[in-house]
Amino acid sequence: MIHPYSDDEFYSRFFSQVSKSDGGCWLWTGCKSNRGYGLLTRRRKVFRSHRISYELTYGKIPSGLYVLHTCDVPSCVNPDHLFLGTQKDNMRDMALKGRSTLGEKNPKAKLTLNQVCEIRELAKSGKNRKEIADSFGVTPMNISSIVSGVSWCSPLLFAPPTRFAKQSTPPTVENSGETVSTTVFAADR
Ligand SMILES: [Zn+2]
């Protein structure tokens, strides 16, 4: 089957971040969201690794469907542990597993995936959020959203609130790395 991720570079980049565990799970070793889902970029967009894994194996995910885990390990990308579900299934699944789906916010910041990981590490190490914000050229509120995961990582069950779309100029970080927008998750449920 020809799928949109069939190029060798992407394929090897994907599998270089997978570690097969004894328990059968294929654990994602790359950047992860606060909720533990693997993240990777392709053409300046961020995707969840388990969804990519599903598509690499079974083909395109039908529009509107979610990829759920039988093993309840968010970072697992073993296609044998993945199955499709509706939004209802997803919410029921998450409720059963105690994961909230509320609180989607979008600060419209443009940061690289690595920067997001770096910000989380800095915050975890206790560094002042105002200082982190200054060094990345974003607001402390952006940092809080990134650290709490609401802007980068929760499964997007809801569209971002429109009031965020009205903000004048989104903060942007100039750098040579790949720039990704927080809004791309809208296409990556
Ligand atoms: Zn698994």
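Tutor: Let us begin with burial: a residue is called buried if 20 or more other C-beta atoms lie within 10 Å of its own, exposed if 12 or fewer, and partly exposed in between. Please keep in mind throughout that this is a predicted model.

Student: How should I read the faces of a helix, and which residues are buried in helix 5?

Tutor: The general idea is that an α-helix has 3.6 residues a turn, so residues three or four places apart point the same way. In helix 5, which spans residues 129–136, the buried residues are I132, A133 and F136. Viewed down the axis of helix 5, these buried residues fall within an arc of 100°, and they therefore line one face of the helix. K130 and E131, on the other side of helix 5, are exposed. After helix 5 comes G137, which has a positive phi, near 70°.

Student: Which residues make up the largest nonpolar core?

Tutor: In soluble globular proteins, nonpolar side chains tend to be buried together. Here the largest nonpolar core has 8 residues, namely V116, I119, I132, A133, F136, V138, I143 and I146. At least two residues of this core come from each of helix 4 (113–124), helix 5 and helix 6 (140–148), and helix 5 gives the largest share, 3 residues. There is also a second, separate core of 7 residues, among them F14, Y37, L39 and V46.

Student: L39 brings me to the strands; in which sense do strand 3 and strand 4 pair, parallel or antiparallel?

Tutor: Strand 3 (residues 39–42) and strand 4 (residues 45–48) pair in the antiparallel sense, over 4 bridges, and L39 stands opposite R48 in strand 4. The two strands form a hairpin with 2 residues between them, and R43 in the turn has a positive phi of about 45°.

Definitions and conventions
Residues are numbered from 1 along each chain as its sequence is written. This is a predicted model: local features need pLDDT of at least 70, side-chain atom pairs count only at pLDDT 80 or more; totals for chains, interfaces and linings use all residues. The arc is that of the directions from the helix axis to the C-beta atoms. A nonpolar core is a set of buried Ala, Val, Leu, Ile, Met, Phe, Trp, Tyr and Cys residues joined through C-beta atoms within 7 Å. Two strands pair if DSSP finds at least two bridges between them.
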